[in-house]
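We will go from stop to stop.

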Amino acid sequence: MMDEILKEFQHYLYLMSDQAPSLCIAVIGATGELARRKIFPALFALYYSGFLPENVGIVGYSRKNLTDEDLRSIIASTLTCRIDHRENCGDKIDAFLSRTCYLNGGYDNREGMLKLSALMEHIEGGFEANRIFYLSVPQEALLDVASTLAICAQTQKGWNRIIIEKPFGFDALSSHWLTKALLSKFQEKQLYRIDHLLGRNLIENLTVLRFSNLIFEPLWSRTYIRSIQVILSEEMGVQSGRYFDGYGIIRDIVHSHILQTIALLAMEPPISLNGEDIRNEKVKVLRLIRRLEPSNVILGQYKATFDDKVDVKLNSLTPTYFAAVLYIDNARWDGVPFLIKAGMGLIKHRVEIRIQFRHVPGNIYHDRFGHNINLATNELILRDVPDEAILVRVNNKVPGLGLQLDASELNLLYKDKYNAEVPDSYEHLLLDVIDGDNHLFMRSDELTAAWNILNPVLQEIDKNNIAPELYELGGRGPVGAYYLWAKHGVQWTED
């Protein structure tokens, strides 16, 4: 059988250059929207910028009956070069496409993975090479594809790394069994659970700001910080499809992106920048986050009509909005509320973190801010959308006679400071996989700790004991969120 497979793929030998590739990348589910719009463009951007070997081998794998040229035609229109350096763009695109081929894996996963392995061996020319498998497949197919891949398609002449798209299970129990099954086939260090939101520059900058600037780390505790807000709001219709398949915003965004952001914000300094050292500190924090009680949560669901041009086939309990207050039970953060706001169909796209500091004890300028003392609160604002920036809100004397104070912002706006195109988050994370840097990818024990935080709320939702509050599409979200902040003594910041 293997002889027939080898003969079948003889025509791929033209992919080999004078030096056999040291890296082969297989995109499983190559004809899907994610692969077309994100994965292949990210791979090309890395190739164009010199972060992939010149002779890399890339295989698109799916069940559709296509040719190499069909796949190249599908992805060619999505490839672009950096604005700040477009030399030889057309030549680079042609070179990248020539390194890309297609394999129809059929509906028998075992047979398909054997064909894939044989094709990759041809491309590698029998030399030592590493393999990356990006599993861009539906959740229901993930385990079967991963299991047959483990048996049939891994190389013995280098390392193998497997990229898995979120969500990572449906709840604590399903995640446990999924993880157990994956770890029976792969080592933990081979698994890269990808969440594209964690590839944003804002997230990578959290540890840089904290641990490389003396002005921040001494203030990073309950002694000086009053509250922390983590905000992710999407406009109308953004990513709507994913919320309607039963996962909802909690399982899709809060479990991974929001809790990972909080872990990076709140963790103790790691002993090094090694990925495992960072993940060790993240999981410690996640285990110390108090389990969420329904009384500290507000769920919402937008009211949509067919005129709004968004999918309105919502399960009656599928949340599109989540607001909550979290507490971390350790010496650094005891009593500090971490406020979460994550929602879609809201008034604007906004992604930011706001660290609000305490009032100055015995502030002698108390009467110079007018009636609202909250205006005198210092804030560190880390903004990703709409314009990436680092803002520090400080108190300042208004110019002129008299003594009137005002809150002003010291502003580092990235688009003014750095005249460069910001790489897409998939580029960042794919490069991390190639380099073996796993600090932005959730480890199995992090998954478990995150599900344990959310499990009480998810169980109540599944029992139909919590109904989401309806809110207007394009509005500010449920009114109940503002009462939740007030209950915990925090004034929600609105710009």
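This is a predicted model: local features need pLDDT of at least 70, side-chain atom pairs count only at pLDDT 80 or more; totals for chains, interfaces and linings use all residues.

Residues are numbered from 1 along each chain as its sequence is written, and side-chain values use heavy atoms, with hydrogens and water left out.

**Stop 1: the sheet**

Helices (H or I, at least four residues) and strands (E, at least two) are DSSP runs, numbered from the N terminus. Two strands pair if DSSP finds at least two bridges between them.

An open sheet of 9 strands runs in the order 14-13-12-11-7-10-9-8-15, with mixed pairing. Which strands are at the edges? They are strand 14 and strand 15 (469-472), each pairing on one side only. From one strand to the next, the twist averages 20 degrees. Angles run from 0 to 180 degrees between N-to-C directions, with axes as lines fitted to C-alpha atoms, for helices over the stretch in contact.

**Stop 2: walk along the strands**

Select residues 350-357, strand 11. Strand 11 pairs with strand 12 in the antiparallel sense, over 6 bridges. Find Ile355: its bridge partner in strand 12 is Leu380.

Now select 379-385 and 389-397. These are strand 12 and strand 13, antiparallel and joined by 5 bridges. They form a hairpin with 3 residues between them. Ile381 has Leu391 in strand 13 as its bridge partner.

Move on to 405-413, strand 14. How many bridges join strand 13 to strand 14? There are 9, and the two strands run antiparallel. Val394 stands opposite Ser408 in strand 14.

**Stop 3: helices on the sheet**

Contact here means heavy atoms within 4.5 Å. Select residues 480-487, helix 15. Helix 15 lies across strand 8 (297-303), strand 9 (321-326), strand 10 (338-343) and strand 15. It runs at about 5 degrees to strand 9.

**Stop 4: a pocket**

On a 1 Å grid over the protein atoms alone, a pocket is an open set of points where a 1.4 Å probe fits, with protein on both sides within 12 Å along at least five of seven lines; lining residues have an atom within 4 Å of a point. Grid points are joined across faces, edges and corners, and a volume is the space filled by probe spheres set on the points.

Select Asn201, Glu421, Val422, Pro423 and Asp424. Of the 24 residues lining the second largest pocket, these lie nearest its centre. Helix 2 (33-48), helix 12 (414-417) and helix 13 (425-435) each give two or more residues to the lining. The pocket volume is about 650 Å³. The largest share of the lining, 4 residues, comes from helix 13.

**Stop 5: a salt bridge**

A salt bridge is a side-chain nitrogen of Lys or Arg within 4 Å of a carboxyl oxygen of Asp or Glu. The structure holds 27 of them.

**Stop 6: the loops**

Most residues other than glycine have a negative phi, and most peptide bonds are trans. Select Val385 and Pro386: a cis peptide bond joins them, with omega about 15 degrees. Pro386 sits in the loop between strand 12 and strand 13. Last, pick Asn464, with a positive phi near 65 degrees.
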